[in-house]
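Q: I am new to this structure. Please take one part, the packing of its nonpolar residues, and go through it closely.

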Amino acid sequence: MAALEKQTERAAEFLYTGTWQILSNWFRVPQTPPTLPTEPGEEPDAFKPAIGFLKYLKLWFWIGLFIIDIAILIGWLVLTIAVPVAGILLAIPALALAVLPDIVAYVAVHLKYDTTWYVMSDRSLRIRRGIWIIHEMTFTFENVQNVKVVQGPLQRYFGIADLIVETAGSGGGQDQSQAALNQGRVEGVADAWALRDRIMVKLKATKSAGLGDDRYDDESSPTPSPTAWSSEQLQVLRAIRNELVLMGD
């Protein structure tokens, strides 16, 4: 059984390799990570999801495959028992219905992994996904309001987590579509907590990240100057002083 699974996996990977080459050339999928504006001498950090993310996606693929194929098999068996002739005639279409979507889903899993890129500079984070339609989102650290890590039980098993980057306006007062535009999801990274700490350092370095970081918490930081009195306010104060002097006399 294990040998059969390995052969199936190898055949699927071989099929995907050829399919990926055809699709990437056909849709002109970028083979390199996206770029970001950087300062002279700065090297942006480009990275992909961890390999555990691909295993995590494959697990959901096999779960879905099992449920759907069992449902098709049960339906075909019931039909064959009720109407044997119809069951025999529909055997090949039922097999195709069970197998072809599995191939498509397997390819889609690898495409999702292979086309996902993350690029981070000192000032921003860029996320790219997609093959048919390529989506790129750029988040400037000056606009980031919150950074959090999300990890479910299965993600924990595969040693991965998601990093959520929230910008201004991603709170609860918006509909889901608008809130999604203000959120970036770095999926399936193995070092989500370390990545969060790196981003937090960059946020504080911007001096205007809006995260409540202490801008004037050290002695070298400038202290805001008090507001100067206007000429009208000075005249009123002088009048009050003169009246107090007269009352004292």
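A: In this predicted model, the largest nonpolar core has 19 residues, and those touching the most other members are Leu125, Phe141, Leu163, Val186, Leu195 and Ile199. A nonpolar core here is a set of buried Ala, Val, Leu, Ile, Met, Phe, Trp, Tyr and Cys residues joined through side-chain atoms within 4.5 Å. Buried means under 20% relative accessible area, exposed over 50%, and partly exposed in between, with a 1.4 Å probe and protein chains only. At least two residues of this core come from each of strands S2 (117-120), S3 (124-129), S5 (144-150), S6 (161-167) and S7 (183-189), and from helix H7 (192-206). H7 supplies the largest share, four residues. Helices (H or I, at least four residues) and strands (E, at least two) are DSSP runs numbered from the N terminus. A second, separate core has eleven residues, including Ala50, Leu54, Tyr56 and Leu65. In soluble globular proteins, nonpolar side chains tend to be buried together.

Residues are numbered from 1 along each chain as its sequence is written. Local features need pLDDT of at least 70 and side-chain atom pairs count only at pLDDT 80 or more, while totals for chains, interfaces and linings use all residues; side-chain values use heavy atoms, leaving out hydrogens and water.

Tyr56 of the second core is also one of the residues touched by glutamine 155, along with Val150, Ile160, Ala161 and Asp162, leaving aside residues up to four places away in sequence. Contact means heavy atoms within 4.5 Å. Glutamine 155 sits in helix H5 (residues 153-158), and it counts as buried because its relative accessibility is 8%. Its side chain makes a polar contact of 3.3 Å with that of aspartate 162; such a contact is a pair of N or O atoms within 3.5 Å, where within protein one must be able to donate a hydrogen and the other to accept it, and residues adjacent in sequence count only if both atoms are side-chain atoms.

Trp60, Ile63, Phe66, Ile67, Ile68, Ile70, Leu73, Ile74, Leu77, Val78 and Leu154 make a nonpolar surface patch of about 1000 Å². Helix H2 (residues 51-82) gives the most to this patch, ten residues. Isoleucine 70 lies in H2 and is partly exposed, because its relative accessible area is 33%.

Across the whole protein, there are eight helices and seven strands, and buried residues make up 31% of the 249 residues.

Definitions and conventions: Patch = residues over 30% accessible without salt bridge, like charges linked within 9 Å, V, L, I, M, F, W, Y side chains within 5 Å. Areas by Shrake-Rupley, 256 points an atom, 1.4 Å probe, with all protein chains shown as cover. Salt bridge = Lys/Arg side-chain N within 4 Å of Asp/Glu carboxyl O.
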